[in-house]
Amino acid sequence: MSKYGEKNIKAYSNNFTTMTPGPVAKWMRTCVIFQIFRFIAINLKMLVVVKKSH
Amino acid sequence: MARLVVLGGGVSGHTAATFAAKWLGSSHEVVVVTPNAKWNWIPSNIWVGVGQMTKEEVTFDLAPVYAQAGIIYHQAKALGIHPEGNEASDKPYVVVESTKAGEEGQVENIEYDYLINATGPKLNFAATPGLGDANGLGEHTVSVCTADHAVHAAEELQKCVEKMKAGERQKFLIGTGHGMCTCQGAAFEYIFNIEHELNKAGVRDMADIKWISNESFLGDFGVGGLHMKAMGFAVSSRIFAESLFVERNVEWIIGAHVNKVESGNVHYELLDGSMGEESFDFSMLIPPFAGVGLKAINKAGEDITADIFAPNGFMKVDANYAAGAYENWKASDWPETYQNPTYSNMFACGIAFAPPHPISKPMSSPNGTPIVPTPPRTGMPSGIMGKAVAHSVCDLITKGADAPLQKASMAEMGAACVASAGKGLFDGTAAAMTIYPVVPNFEKYPGTGRDTDYTFGEIGLAGHWIKHILHHLFIWKAKLKPGWTLIPE
Ligand SMILES: Cc1cc2nc3c(=O)[nH]c(=O)nc-3n(C[C@H](O)[C@H](O)[C@H](O)COP(=O)(O)OP(=O)(O)OC[C@H]3O[C@@H](n4cnc5c(N)ncnc54)[C@H](O)[C@@H]3O)c2cc1C
């Protein structure tokens, strides 16, 4: 029985060598509270890059 | 009074024309020649292509916006440029053909003092047999490159969903339709939006989803990949991309030049020289891009297209086109001002300028078939270039021919990209990325070619919110609504 996050990896196929997220990492991606903080952080990071590019 | 003619009212041309009109005021003329009556926020075509947005939500009428801005608008396509005028006059002009209902095919000459070519890409479906029909809609495949294409794609997708609901398994093949394609990002967004929608429709287990691309590694995206700081490592975009493909159970074929498309089947050649076939029930393959095919004629009536345009139809600008082998390439090969070297009153920006060379490492199969993504010029660089070129032209007009030109090299600017991986207010995700600079500078940043302090990426709901907000923000800006100049390109 393959573990969560590993179910799509096939032995010796071209997808064997990558990393896959576990349940917590996946849950965090749509956890609204956490994502509100990420929203602020990403916006700030993007603004810096936008400013440096003009 | 000087006249600036802008060819193309897309991301780059619209930005250039609207800023030029604002800066020049009514003392000079700004003219836009563009074949469509509507402006299209192209990134959201992905959501139209999965039925999550309508065509009306991603387009708006250009005429009222240009009327408000004082821009003279010709709904027409440019056919040719006469940069020296003709035997009757020294005044340069463009030949345009109307695309307006009732006036189709009417040809007229428009004189200019300055010209900005922002005609974007010709969707070169014809480069791959079977990829597209005469209208540019997929003959056997679908496309999301225009809003109309995307509407068609959504209809075809819905048919597949119905079949799956009726118990028929379906194969999806998404990616690039030629070995020299760019715009892998759009295909990347589309494949994950389809996966997301099939999940929502409860038919994911009835679908086999496969990616096919000319990238030599997943996550190349035509920029040679990128390294992002994560968990204390500088991680290659390859790891991130492969991870997402595995997580969403999407298989991949990479290093592929699709050389023929038939009903339900593609033929391809791989970088190792082997040939393969892949069947599909639904396929969206991005066509390769070329210049739109403008001709250039000198005063004597001779065809000088080859002097002004590169063989791929994109306009030559102040780039180093003689950089030679990959080992010689430098960040400084990339253009800074986008001024045509032969005619100083002509500029090309956005996708319309000829890049000096690929950004990804060039590769070809043992049969000699080049299989390498060509350089993308995504929305943010296209907008920045458009604004910089408009600034230069306005300075030339108002300050004189010696005014210094604005610079906006892709080797010195970054780009913020948000690649949707599924739409939804609470269950949507997108990969939010920045890349700095777009063209790697290995002299300044040995190793990765980029500043890893400003090159990052993460996937999550926040990225989706940003993508959705950007949709509204950029349509607001393009409509020249209050505060539009404050929204950065
Ligand atoms: C499906 C899809 C999704 C994308 N998603 C993103 C994204 O999420 N983020 C991002 O940054 N970029 C994205 N891009 C890329 C982005 O759309 C381009 O970078 C941008 O549109 C380039 O701007 P442009 O002005 O050079 O070309 P365009 O926006 O294509 O504009 C060219 C204009 O020229 C007009 N034209 C064509 N021929 C002529 C002629 N003969 N005479 C006059 N006018 C002519 C066209 O009608 C058009 O209006 C996406 C592209 C696609 C296809």
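1. Salt bridges between the chains. In this predicted model, 4 salt bridges are found across the interface of chain B and chain A. One of them joins B:Glu247 to A:Arg29, with the closest N and O atoms 2.8 Å apart. Polar contacts across the interface of chain B and chain A come to 13 residue pairs, with both residues at pLDDT 80 or more.

2. Which elements of chain B supply the contact. On the side of chain B that touches chain A, the elements giving two or more residues are helices H7 (237-247), H9 and H10 (461-478), together with strands S14 (251-253), S22 (415-420), S23 (430-435) and S24 (456-460). H7(B) gives the most to that side, with 7 residues.

3. Composition and area. By residue type, the side of chain B that touches chain A splits into 26 nonpolar, 7 polar and 8 charged. In total, chain B puts 41 residues into the contact and chain A puts in 28 residues. The area buried between chain B and chain A is about 3000 Å², and 68% of it lies on carbon and sulfur atoms.

4. The largest nonpolar core. This core has 129 residues, and the members that touch the most others are B:Phe172 and B:Tyr190. Helix H9 (residues 379-399) of chain B gives the most to the core, with 10 residues. Helix H9 of chain B is also listed among the elements on the side that touches chain A. As general background, nonpolar side chains in soluble globular proteins tend to be buried together.

5. Surroundings of B:Phe172. Leaving aside residues up to four places away in sequence, B:Phe172 touches B:Leu157, B:Cys160, B:Met164, B:Ile194, B:Leu198, B:Ala207, B:Asp208, B:Ile209, B:Lys210 and B:Phe282. The list includes the charged residues B:Asp208 and B:Lys210.

6. B:Thr182, a buried loop residue. B:Thr182 sits in the loop between strand S10 (170-176) and helix H6 (184-200) of chain B. Its relative accessible area is 4%, under the 20% cut-off, so B:Thr182 counts as buried. A polar atom of the B:Thr182 side chain lies 3.0 Å from the backbone oxygen of B:Thr374. With residues up to four places away in sequence not counted, B:Thr182 touches B:Thr374 along with B:Ile286, B:Phe289, B:Pro375 and B:Pro376.

Key
Residues are numbered from 1 along each chain as its sequence is written. Chains are lettered from A and ligands numbered from 1 in the order in which they are written. This is a predicted model: local features need pLDDT of at least 70, side-chain atom pairs count only at pLDDT 80 or more; totals for chains, interfaces and linings use all residues. Side-chain values use heavy atoms; hydrogens and water are left out. A nonpolar core is a set of buried Ala, Val, Leu, Ile, Met, Phe, Trp, Tyr and Cys residues joined through side-chain atoms within 4.5 Å. Buried means under 20% relative accessible area, exposed over 50%, partly exposed in between (1.4 Å probe, protein chains only). Helices (H or I, at least four residues) and strands (E, at least two) are DSSP runs, numbered from the N terminus. Contact means heavy atoms within 4.5 Å. Buried area is the accessible area (1.4 Å probe) that two parts lose on being put together, summed over both. A salt bridge is a side-chain nitrogen of Lys or Arg within 4 Å of a carboxyl oxygen of Asp or Glu. A polar contact is a pair of N or O atoms within 3.5 Å; within protein, one must be able to donate a hydrogen and the other to accept it, and residues adjacent in sequence count only if both atoms are side-chain atoms.
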